[in-house]
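Welcome! Please keep the sequence and the 3D view open as you read.

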Amino acid sequence: MGSPLRIVNGRVYDPANGVNGAVQDVCVRDGKIVADVPPDAKRIDAAGMVVMPGGIDIHCHIAGPKVNLARKVQPETHQDDVQLRTRLTRSGTGGTVPSTFATGYRYATLGYTTAMEAAVTPLGARHTLEEFHDTPVLDKGFFVLVGNNLLLYRLLQEGRREELRHALAWWLKVTKAYAPKLVNPGGDEMWKGQRNANITSLDDKIGSFDLTPRRVIAAFIEAGNELGLPHPVHIHCNNLGHSGNVETTLETMRLAEGRRAHIAHIQFHSYGAAAGKSQSNPTSRARDIIEYINTHPNISADVGAVMFGPATIMTGDAPLAYMLRRFGGNKWVNADTENESGCGIVPFRYQDRVYTNALQWAIGLELLLLSEDPWRMVFSTDHPNGGSFMSYPRLIRLLMDRGYRKEQMAHVNQKALDRSALRDCQEREYSLSEIAIITRAGPARLLGLTDKGHLGVGADADVTIYEEDEDKEKMFSAPRYVIKDGELIIEDHELRADHQGRLLHVAPDYDPQIEQVIEPFFEDFYTIRFANYPVDDRYVPNGQIIPTTPSVAAAPATAGTRT
Amino acid sequence: MTLTLTLRTAPTVPLEADVLSPDRLSGVSALEAAKLTVVHGNQRADLGEFFQVGGAADGELHLTGDLAQVKQIGTGMARGRIVVHGSVGMHLGAGMTGGEIVVEGDAGDWVGPEMSGGRIVVKGNAGHMLGSARRGSQIGVRGGEIVVFGNAGNEVGNGMRRGLIAIGGDAGDFAGVNMLAGTIVVLGRLAWRAGAGMRRGSIISMHPAELLPTFSYACDYAPEFLRVCLRHVRGLGLTIADSHVNGRYQRWCGDGIELNRGEVLILDSAGTASRS
Amino acid sequence: MLVRGVLIEDTFAEAFTMRVARLVITGGTPRWAREAGLKLTGFATSVIGCKCEAGIERELSETETPDGRPGVSVLFLTMDKESLPQQLISRIGQTVLTCPTTACFDGLPDGPDRLPVGKALRVFGDGFQGSKVIGGKRYWRVPVMEGEFLVEETFGMQKGVGGGNFLILARDADAALAAAEAAVDAMANHPGVVLPFPGGVVRSGSKVGSKRYKKMVATTNDAFCPTLRALTESQLPEGVNSVLEIVLDGTDAPAIAAAMRLGIDAACRPGVQAITAGNYGGKLGPHHFHLRRIMGGESQAA
């Protein structure tokens, strides 16, 4: 946990506690922020520096079977980006999908200390946890895919809402997940069942089920909120990437009816359709989206910004990957996870001259620049879908430096800018405090991580110290110090210690009777036996259960008719 | 005065010697060169442990000995010249952008992967993946020339996008697989599945070849560009008969499962499999 | 100064800087290379009316061409940078692309400016064309009914010289023509020089502007018209009854001077009284070819 530590003379940005650049001491002991430490404690002189909580990535793809497939399908990117072994650190490879060790080290060298893997099939949980074990420094958690789950669909179809809630709790608990994730609800089921099929609206019938995405989404929003999950539900809406998908997104947000819901990488869901001939060309509807979010405090989103350059499309949305693979004519991976989900992977490159790519870039910036509540429109590139996490410093500079932004705007497809409102929000510049919100305090609050994202007494001692610089990209590329759980991981910009982060997961209560409902389904339809399915605690040597606050007791499930 | 390196201790496992490049050794004395790092298996070692170094670097490098276990010679070189009096190992001239490498003996697999300029001349045989894309990569050779006097292995010019590969002997299976453009001249025999998945580009053969069914016969003719091309290859030292320059060639278009804009040109006097 | 009794006037030819390209046209036989060359350089006598000046420089043997076939070398000149590619594209497209067996290569590989001629012509292939890079040069293969038309992607352009000239003043028309033919024969195949007029000879020398018609840019050179000796300020010596002019364009001044020397020498034959040259007082063109210096004598002309 490191020795006691006092950080002095730094300008502190701790928006959760109302500290906005004040020069004050931050004290650390036993892995926590404390009020004071003995005078002989080690000191870090942070004069001319900015002190912030460690960065928190609310939505990224860094571990698990699909991430590994993405690594395997791009060996050519590894040769150019080799990370050699050092006395302290393990070797690895980079590119847009770094190997596990490189992922941990590289996040740390950007000042990030927590990251959420945003899409894991329940069956992939073990694999994900094993990769997490080899992803150093970071505290991690994962969102488990439940939006195309056949058993849950059955329960919902039969109106067994209570059992659905218990089953969801069971799934979260036995996989050691952090939150339920919906990805294109119904889409994978359609894709698996019919040739090139996908969901096109919330009211489409999902394959052979007597269900619609509307019912599925509403049910999971309800269940996640009733279970009192710290992050009730994380939604990747239907129609990602399609022109005119803004209506689907707005309609999805309305389904929450005041309850908490988080919309993932919303940039990809903010497209209008051009009138007339070029109907297939998207336009920006960022204004409509942000207006809704500004006025609906129950809704939050991460932006899913696009950065020019290489990326890897990596998604549980298999039909989407099929659509995208046509653009580059490049490699494509499709994979199914039996009763649970689908998966698609496409190496990709965003180009500033390409209309659609430039529009996506502009919409990401628009959303952030038009947002009135930074606590609810937070930072992400949906790494590596919109670009690598290594491009975060550049994105921060785009937000903080309007001169730089203007210069970059001059290089992109101007027709795309014409179809966005980016030119109208040229004035705004993010402050350091707002950056601290969208990259730290906001994600922590949205995830329900009360010990993270701030520097108040009792918080986890995850601290990043940046040297102030006019060039914000430079500033945020290489923090001078990074402290994780009270331990000095990075000193003078260099890794000085290795560290094993924790697994953040939930363990909601459920009525044990639900296992009687689930088990027969496993024995009939799964390739794995029920008893072998739950992830046992050996996979979580360093776990932390984040408590839930259920509004409904885990009452016995009502007996339903099994089909 | 050139820098001369003579192998004195044969490596027992492959030796990674990407320092053996005129760019990297520019202005380096023999003494300094001997201290440069190479990787022997998983151990770092001094170049001098394996090579007797003499002379001084002036843009030209002479290597002597059986270097079949020495890999990555000339990696990324942009100028200058390397002459190898002997054979070389894998990854010769990887990603080179200019200059010239001449190998008097044989070369291993992966000669000139993803090179974009310069010239590699192999007087003996070359291994598999001559002038190819790295695994996973879609684009192979982007420019430059590779000349092999002997035979070459499988997957010559995999993913090639520009440039010239000329082989005096035979080429193995899958010559020009996934080719994007560029020219492969094979004076010997083409093995199976030449041009599989090619989008554009030309594969020229002086002998009958069994082509994939996704290649379609177009015509017999004497392409003018081929006269220019073959005279150029002759200038590179390969034996090109006048009958090759003046000959008529069958043009086969393919690969039909891709863009179908590539071609295999087969010297007519050779006689071929039946045209359908 | 007299050469075999012919007076070499103490004057100079005044020539201009032009832009020049050299094309190498090859064919299956010398005949077809020549046919393409002749058509390409037809109606290219003077920039005044043709926008360009061109001629066949010389015939090339199999050993001199990129594809090892017989060919001709053509020089092509315009007054400015912009019109050279335009003229080349339209003329090659109509006369070489169309001509059986031929291919068209750049003859000025070191020309500092690169004209995208093949690059423009390739679109005749309607998307079926393909390119090849051989020895660092890009070629386009355009499919045509006969087979393929091969054209280099770019052609070099450099500064050249246009308007070198000399006039043969003879006792009668037969003598003038015989002298002109001898001169042309002597200059044939001279590297770096072409004679753009019919058979290399022009009978209608011109002066700048008109005495009578405002719109005319050039009109007959009345001072050298024998029929006007009594009507105008004639410059014809006594006994001269016919004048023919030889115009030379080339890649550089020394080449033109060398060719003029051969041509003038050949023209100095019985029946010829004098050799002179056209100029504009030395103020318009940067290149001055002093006839006497060229012929190895001294000149006092300005």
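## About the model

This is a predicted model, in which local features need a pLDDT of at least 70, side-chain atom pairs count only at pLDDT 80 or more, and totals for chains, interfaces and linings use all residues. Residues are numbered from 1 along each chain as its sequence is written, while chains are lettered from A and ligands numbered from 1 in the order in which they are written.

The model scores ipTM 0.92 and pTM 0.84. The pLDDT is the predictor's confidence in each residue, from 0 to 100. Chain C averages a pLDDT of 96, and 100% of its residues score at least 70.

## How the chains meet

Two residues are in contact if their C-beta atoms, placed from the backbone, lie within 7 Å.

Between chains A and B, 5 residues of chain A are in contact with 5 residues of chain B. The chain A side of this contact has 1 nonpolar, 3 polar and 1 charged residues. Chains A and C have no contact, and their closest C-alpha atoms lie 20 Å apart.

## Chain A as a whole

Chain A has 18 helices and 28 strands. Its radius of gyration is 23 Å, close to the 24 Å that the globule rule gives for 563 residues, so chain A is as compact as a globular protein of that length. (The radius is taken over C-alpha atoms, and the rule is 2.2 Å times the number of residues to the power 0.38.) Along the principal axes, the C-alpha atoms of chain A fill a box of roughly 70 × 55 × 45 Å.

Buried residues make up 56% of the 563 residues in chain A. A residue is buried if 20 or more other C-beta atoms lie within 10 Å of its own, exposed if 12 or fewer, and partly exposed in between, with C-beta atoms placed from the backbone.

Look at helix α1 (residues 65–72) of chain A, where Lys66(A), Val67(A), Ala70(A) and Arg71(A) are buried. Why do they sit on the same side of α1(A)? They cover an arc of only 150° around the axis, which puts them there; the arc is that of the directions from the helix axis to the C-beta atoms. These buried residues pack against β19 (309–315) and β21 (341–350) of chain A.

Strand β21 also holds Pro347(A), which counts as buried because it has 26 C-beta neighbours inside 10 Å. Leaving out residues up to four places away in sequence, Pro347(A) touches Val73(A), Gln74(A), Thr312(A), Asn330(A) and Lys331(A). Helix α5 (residues 150–157) of chain A is mostly covered, with 6 of its 8 residues buried. The buried residues of α5(A) pack against α6 (161–175), α8 (213–226) and α18 (514–525) of chain A.

Most residues other than glycine have a negative phi, and most peptide bonds are trans. Now for some exceptions. A cis peptide bond joins His383(A) and Pro384(A), with omega about 0°. Another cis bond joins Gly254(B) and Asp255(B), with omega about -5°.

Glu257(A) has a positive phi near 45°, and with 11 C-beta neighbours inside 10 Å it counts as exposed. His91(B) has a positive phi of about 60°. Is His91(B) buried or exposed? With 25 C-beta neighbours inside 10 Å, His91(B) counts as buried.

How values were computed:
Helices (H or I, at least four residues) and strands (E, at least two) are DSSP runs, numbered from the N terminus. Ala, Val, Leu, Ile, Met, Phe, Trp, Tyr, Cys and Pro count as nonpolar, Asp, Glu, Lys and Arg as charged, and the others, Gly among them, as polar.
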